[in-house]
Amino acid sequence: MAEAVPPPSAAAGARRLPSQGVRNRALPPLPPLGPHGVAPVLDAVTAEPPAPLPELAVLRALARDAARRAAALLQGHVPEAHDTVTDIVRFTVGTGGAHLETAAAHLGLTPLRMRHLTAAYHHGGPHGAAVCLSPRPADPAALAGAEAAIRPLRPFADVPVERRHDRLTDPAAGVQLRHGPDGRWYPYADRHGSWQPVAGPHRDPARAYKAARLALRQHR
């Protein structure tokens, strides 16, 4: 009669399989889901990771961001396309600006420039950030049409409007409109000599111009 062969776990020197710990309840249970249906991550880790890894707070924020995005995908929400820079800006907006200076240093930007980018993303998503990052090639017909649309709204109509790249600037009013890749006009207001993105991008340049004028009045 053939001798019974002992199971692998009973053999001398047998390695313990990772799954055995699960069956034997050696691993702690999964943490409960948070209020948004996402499990907390890295909360049990307290030691700072070694360089050149990001700080623990940044790692936690990145993991939570990844968990939120995965949950959104599972619910059928398809995110807009982002390049590396706009995705970093998106992450910074999602954390409430808590890691703004770290993100600025990573991108080689000043904190002020990073604040402008996060504001642009907040108002217009990845297209808003793209408009803020760098000028795009001019569309002469679009610029001419926008200039005609805002002419009745300009407080100093005798001052020439400047056209440069995809930007239409009314220097006397402190308003600039930037034509985005999505066809919308993004309003900017001159604050302390710096063009800052404000709320109200619109396909109608007149609506975007009014939004910039409103932002200027509210800022005073």
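1. Just after helix α3, G96 adopts a positive phi of about 75°. Helices here are DSSP runs of H or I of at least four residues, strands are E runs of at least two, and both are numbered from the N terminus. Helix α3 covers residues 84-94, and its buried residues are T86, I88, V89, R90, F91 and T92; buried means under 20% relative accessible area, with a 1.4 Å probe and protein chains only.

2. This is a predicted model, in which local features need pLDDT of at least 70, side-chain atom pairs count only at pLDDT 80 or more, and totals for chains, interfaces and linings use all residues. Residues are numbered from 1 along each chain as its sequence is written, and side-chain values use heavy atoms, with hydrogens and water left out.

3. The protein chain contains 7 helices and 5 strands. Their order along the sequence is α-α-α-α-α-α-β-β-β-β-β-α. Of the 220 residues, 33% are buried.

4. The largest nonpolar core has 17 residues. Such a core is a set of buried Ala, Val, Leu, Ile, Met, Phe, Trp, Tyr and Cys residues joined through side-chain atoms within 4.5 Å. Those with the most contacts inside this core are I150, L168, V175, L177, W185, V198 and Y209. Two or more residues come from each of α6 (140-150), β3 (175-179), β4 (185-191) and α7 (205-219), and α7 gives the most, with 5 residues.

5. Beyond its neighbours within four places in sequence, V198 is in contact (heavy atoms within 4.5 Å) with H123, P187, Y188, A189, R191, A211, A212 and A215.

Conventions:
Buried means under 20% relative accessible area, exposed over 50%, partly exposed in between (1.4 Å probe, protein chains only).
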